[in-house]
Amino acid sequence: ALYINHERGNSALLARRQGYEDALKEVSSDTLVDELEIDPTMEDIQSYLDSALINCSSYESILLGGSRFLEEVSSALQSNGCSSDDTLFGSFDTGAATYAQIATGKLAFTVSQQSHLQAALSVVFAATYATTGKRLARSSEGEFGVWLSGPQIINLRNLPTDTLQTCEASAFPVCPNEMD
């Protein structure tokens, strides 16, 4: 397995790597996770990745610590002959480029953290209440309730529609009830 870290010393990215390694070791205790660091100050990141990923087909899975260099890593994998049939390629974070990579089969999945880290559900709930006066059912935790959210896996089966992506990018102003 390979973990691609785009920001040396970032404790969140190191925690992602550790979680990746721990999860893989639950499946196979002898799994090794190599790490490839990308220095964002490099002049020619694409050439570096093309060279560094020349043996990408030797990995069963590759996880990118964030989507910052998603296009470059995807291009390097493709130019080195690594396909989604041979290597499971995943990432963290969402956005138009990430969704496009999933839709075209270049990326198997991404981990959406927006709901957890940026409180998107709170924004949705507040916008719903402000625009419609409606709210979720009350709970014993308070007038508006406590609603836990967390990271979720986004893949081809649950890829957000164009409408939902537009609403998400606009911080969920009044959006249609149907997100088709």
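Asp93 is found in the loop between β4 (88–92) and α4 (96–103). In this predicted model, phi of Asp93 is near 85°, a positive value in a residue other than glycine. Is Asp93 buried, partly exposed or exposed? Asp93 has a relative accessible area of 25% and is therefore partly exposed, since buried means under 20% and exposed over 50%.

The chain holds 7 helices and 6 strands, which follow one another along the sequence as β-α-β-α-β-α-β-α-β-α-α-β-α. The 6 strands form an open sheet with mixed pairing, in the order β2-β1-β3-β4-β5-β6. Its edge strands, β2 (34–37) and β6 (152–155), each pair on one side only. From one strand to the next, the twist averages 20°. Strands β5 (residues 109–112) and β6 run antiparallel and are joined by 4 bridges; Thr110 has Ile154 of β6 as its bridge partner.

For the chain as a whole, 32% of the 180 residues count as buried. The chain exposes about 10,700 Å², and carbon and sulfur atoms supply 51% of this area. Among contacts with a separation of 6 or more, residues 24 or more positions apart account for 61%.

Conventions. Residues numbered from 1 in each chain as written. Predicted model: local features only at pLDDT ≥ 70, side-chain atom pairs only at ≥ 80, totals over all residues. Heavy atoms only, no water. Helix = DSSP H or I, 4+ residues; strand = E, 2+ residues; numbered from the N terminus. Buried < 20%, exposed > 50% of the residue type's maximum accessible area, 1.4 Å probe, protein only. Contact = heavy atoms within 4.5 Å. Areas by Shrake-Rupley, 256 points an atom, 1.4 Å probe, with all protein chains shown as cover. Pairing = 2+ DSSP bridges. Axes fitted to C-alpha atoms, helices over the stretch in contact; angles between N-to-C directions.
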